[in-house]
Amino acid sequence: MENPMAVQLFAAELLAVLATTLVFYSYILIVRVLLSWFPNLDWGNPVLSAVSSITDPYLNMFRGLIPPLGGLDLSAILAFIALSLMSSLLESGARVVIGL
């Protein structure tokens, strides 16, 4: 039989790692949004292409929900709100699992 405390600690650590991963992803997303302000960038560059391929699928989910207003793509705001909410929920879940 497994130790229930060990299972709790594993679950809490897993939730904490997932929350940290989402925070790291939000930093990459910030870089992507800032880079979009420079229209003359060569998106064929391997680094820029990697950032784009990591973030664009997530941003595309929100681009259909919020149409661009005056040429501004506001979908990133909703994407950041969703990431922040998910990260907060995971962190809270980790605290609940360990009983804090």
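Buried means under 20% relative accessible area, exposed over 50%, and partly exposed in between, with a 1.4 Å probe and protein chains only. This is a predicted model, in which local features need pLDDT of at least 70 and side-chain atom pairs count only at pLDDT 80 or more, while totals for chains, interfaces and linings use all residues. Residues are numbered from 1 along each chain as its sequence is written, and side-chain values use heavy atoms, with hydrogens and water left out.

**Overall form**

- The chain has three helices and zero strands, where helices (H or I, at least four residues) and strands (E, at least two) are DSSP runs numbered from the N terminus.
- The radius of gyration, taken over C-alpha atoms, is 18 Å, well over the 13 Å that the globule rule gives for 100 residues, so the chain is more spread out than a compact globule. The globule rule is 2.2 Å times the number of residues to the power 0.38.
- Along the principal axes, the C-alpha atoms fill a box of roughly 60 × 30 × 20 Å.
- Of the 100 residues, 25% count as buried.

**Salt bridge**

- One salt bridge is found in the whole structure; the term requires a side-chain nitrogen of Lys or Arg within 4 Å of a carboxyl oxygen of Asp or Glu.
- The side chains of D56 and R32 meet in a salt bridge at 3.1 Å, N to O. Because D56 lies in helix 2 and R32 in helix 1, the pair ties together parts that are 24 residues apart in sequence.
- R32 is buried at 11% relative accessible area, and D56 also counts as buried, at 16%.

**Nonpolar core**

- The largest nonpolar core has 12 residues, among them Y25, Y58, F62 and L83. Such a core is a set of buried Ala, Val, Leu, Ile, Met, Phe, Trp, Tyr and Cys residues joined through side-chain atoms within 4.5 Å.
- Helix 1, helix 2 and helix 3 (75-98) each supply at least two residues of this core, and the largest share, five residues, comes from helix 1.
- Y25 is in contact (heavy atoms within 4.5 Å) with I54, T55, Y58 and L83, leaving aside neighbours within four places in sequence.

**Surface patch**

- F24, Y27, I30, L34, W37 and F38 form a nonpolar surface patch with about 710 Å² of accessible area together. Patch residues have over 30% relative accessible area and no salt bridge; like charges are joined within 9 Å, and nonpolar side chains (Val, Leu, Ile, Met, Phe, Trp, Tyr) within 5 Å. Accessible areas come from the Shrake-Rupley method with a 1.4 Å probe, and for residues only the protein chains shown count as cover.
- W37 is found in the loop between helix 1 (4-35) and helix 2 (46-63) and is exposed, at 60% relative accessible area.
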